[in-house]
Structures are given as C-alpha cells and as structure tokens.
Amino acid sequence: MVQLSPAFRGVVGQGRSIGWLHRAIGAGAIAHAYIFEGPAGVGKHTTAKAFVKAIMCKASGCGHCHDCIRIERGTHADAFQIVPDGVTLGIEQIREIQHQVMLKPVEGSRKFFILDEAESMTTQAANAFLKTLEEPPPGVTFILVTSNVHAMLPTILSRAQRLSFNPIPPADVSALLQQRFGVDRDQAELATRVGSGVVGKALALGRGEGMERRKEILALAADLPVLDSLDLMSSVEGIASGIKKPLAEAKAARKKETQDSRETAVSSSHASFIARTLEQRAKREFAQRERQQFEDVLSTFESWFRDIMVTAEGVPELVMNLDRSEEIRRRSEYLTSEQAVGCIEAVERARRMIRRNVNPQLALEAMLFDMQECDKCSV
Ligand SMILES: [Zn+2]
C-alpha cells in the first residue's frame, strides 16, 4: 500500500474519512462528487484541500511545492474553491462553474471544485448543478462541504460519495496538543476547554494565540463594576481595533499574495474566474473572521460569568478558566448566581445582535452596559 500523503497530517481526529480517501487514491478510484459533512471547525475544508494536494502534487501532497502552495491559496489553474457570493450560492455561480467544468484541465488530467457551504445553494442553482452531476465530464471532481447536510437536495446527495466528519472528543484534542505540539498539560487543558471542541481554535490557543486577548477580556470582566462609562467605551474601542487592524493588514497581504493567479490562467475568462473566486472567498473569510473574533470576545465574557455561577452553585470543578479559579471564587462570594445569569443573558442578546448584522462594536458596548446594571447592586 502507498504511504499516507503528508498532506493529511494537518488533519486531526478524522482517521476514518482520511483512511477512506487514502484508499481511494491508492486504488485510483476518485469519485466525481463527494459530500464532506459534519459540524463546523472539524477539518472538512482542510481535508478537501489535502485530498486535492495528495492527488495533484507530484510528491503526493508535500505541502511546499508550487502545486501545493497554489492549491492552498486557491490560485491553482485546475483546483477551485468556491464560496457563496452573499447569502446563497446562486444560479450565476453554478453557470460559471459549469462553463469551467467543460474546459479541459490546464496542467494535468484532473480538475477539482471545492464548494464550501454547499447547503446554501438555491433550489434553482441546485437543480442546475444536478445536471452536471448526472453527466460529469471525465476528470472532474466536486467536493461539496457542508455543516448542514439536511438542507441539501436528496437528489444531489444520492449522486455523491458521503463522508462524515465527527466532532473530536476533548481528551483527544488535549492529548494532541501535548504530544504533537509540546504544549504543557495545564495549557492544553485550558485551550481545550476554552476552544470548546473546535480543533483549530484549541490549537491556536494552545500555541498561545488569542491568549493575550483572553487575558485582557477577563481583566475587563473583573473590573466591570468599577469602570465608568468613558473607561468602558475606550476599552471597547481598544478591543475592536485590536480585532480590525490585524485583519485589515492580513487582507492587504492576501491580495498581494494571490496576484500570482494571473500567471497560471490560460485565458481571460479563466483568469477572471479564478480572481472572482479568490475575491469572494477573501470577502467572506475576513467578514467571518471578524464576526468570529467578536463572538469569541462575547464567549470569553460569558465564560467568566458562567464560572462565577457554577462556583456560586457549589460546582467549581466545572470552571472553564482554570487559571483564574481563585479570583472567580472570590468574585462568587458577592455576585449571586441570579446576577451572573443576568450577565450571561446580556451576552446572548449581543450575540443575536451580531448575527443580525448590528455593528459588533455597538453590540459589545451595549452588552457591557447591561452587565454593569446586573453587576452594580453587588458592589
Ligand atoms: Zn506538493
């Protein structure tokens, strides 16, 4: 049997799906369409790219050759990564894909289309796409990635190989952080709890990323009762710019990085297709990253009040912020669990506001003022 492609080494805890794809590559039995289904953050998109690298790279997915790098970035002439342009993946996008599907591969004998959030296809788009799935041109493979497979047309599902990606048990995440990344035990446990099952997040936390912000947020949560409105508003300002500035820089860097897509394009329509997929992906990704980071801030506040609540209720073993348990215990002596619940409800309201596209900075500010109200009577 051929060796497992190094491309799959970056995927954690999905041994069954990876074994399956590995055998398909070994047998030269690549399907025309796959569905990668499972909860968000468990490695579906990462596996899709790894699979494409394992097949297209001459060193079966080395991770650092020209092919692998372009597949990773989405600039390869024969491997496309599509995201919905807006809320849904519409008929226009499917027509563009269908046009590209009919063209011969540029560099090899295969073409790959990774469609993220495939469940967001409109009915019209899904029906059009079905026609392509019914008569797929040779050498074309679609990978439909979804965290909500039930929202997809059964006729599409029945024409694709389905691979399930499972949530990863916290103990596995913690063990992985310790064994493979050399993170010490306490840090690994903390990252696993705070990362709540999302491997990428736990890994980032385990490496120390985001820990600074977490510290800053917890300090702010602890100081909340004594802050005046001006302090509070400037703290929110600081958090917001701490999120937005690095993202704006990353966005500019990405733009530069992806300009090499024009090198590999063989026609102007091919070039503009690649450019458009990159642009749509970047737009979506950065908007999601910004929202996600604001939601992480909310979750950190939530974890603080949740910890106070469980401590006040006499179950301190459920505390998430293990490194702050002493402070949490002290705080729980004069904040009742009803007040803590009031603060948690404020988080939930802010979360709903952000999901309804309210400016996240305003939502955060409103949440903190609400929390101060809940918190005040305790000081
Ligand atoms: Zn390679």
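Helices are DSSP runs of H or I with at least four residues, numbered from the N terminus, and the expected span of a helix is 1.5 Å times one less than its number of residues. The model is predicted: local features need pLDDT of at least 70, side-chain atom pairs count only at pLDDT 80 or more, and totals for chains, interfaces and linings use all residues. Residues are numbered from 1 along each chain as its sequence is written, and side-chain values use heavy atoms, with hydrogens and water left out.

Among the buried residues of α2 are Lys44, His45, Phe51 and Met56.

Helix α1 (residues 15-26) packs against α2 at an angle of about 20°, and the two axes are 11 Å apart (axes are lines fitted to C-alpha atoms over the stretch in contact, and angles run from 0 to 180 degrees between N-to-C directions). That makes α1 roughly parallel to α2, a term for angles under 35 degrees.

The zinc ion has Cys57, Cys62, Cys65 and Cys68 as protein donors, each through SG and lying 2.3 Å from the ion (donors are N, O and S atoms within 2.8 Å of the metal, or 3.2 Å for Na, K and Ca). Along the chain, the donors follow the spacing C-x4-C-x2-C-x2-C. Cys68 is buried, with a relative accessible area of 0%, whereas Cys62, at 22%, counts as partly exposed (between 20% and 50%).

Key:
Buried means under 20% relative accessible area, exposed over 50%, partly exposed in between (1.4 Å probe, protein chains only). Helices (H or I, at least four residues) and strands (E, at least two) are DSSP runs, numbered from the N terminus. Angles under 35 degrees count as roughly parallel, over 145 as roughly antiparallel, 65 to 115 as roughly perpendicular and the rest as oblique.
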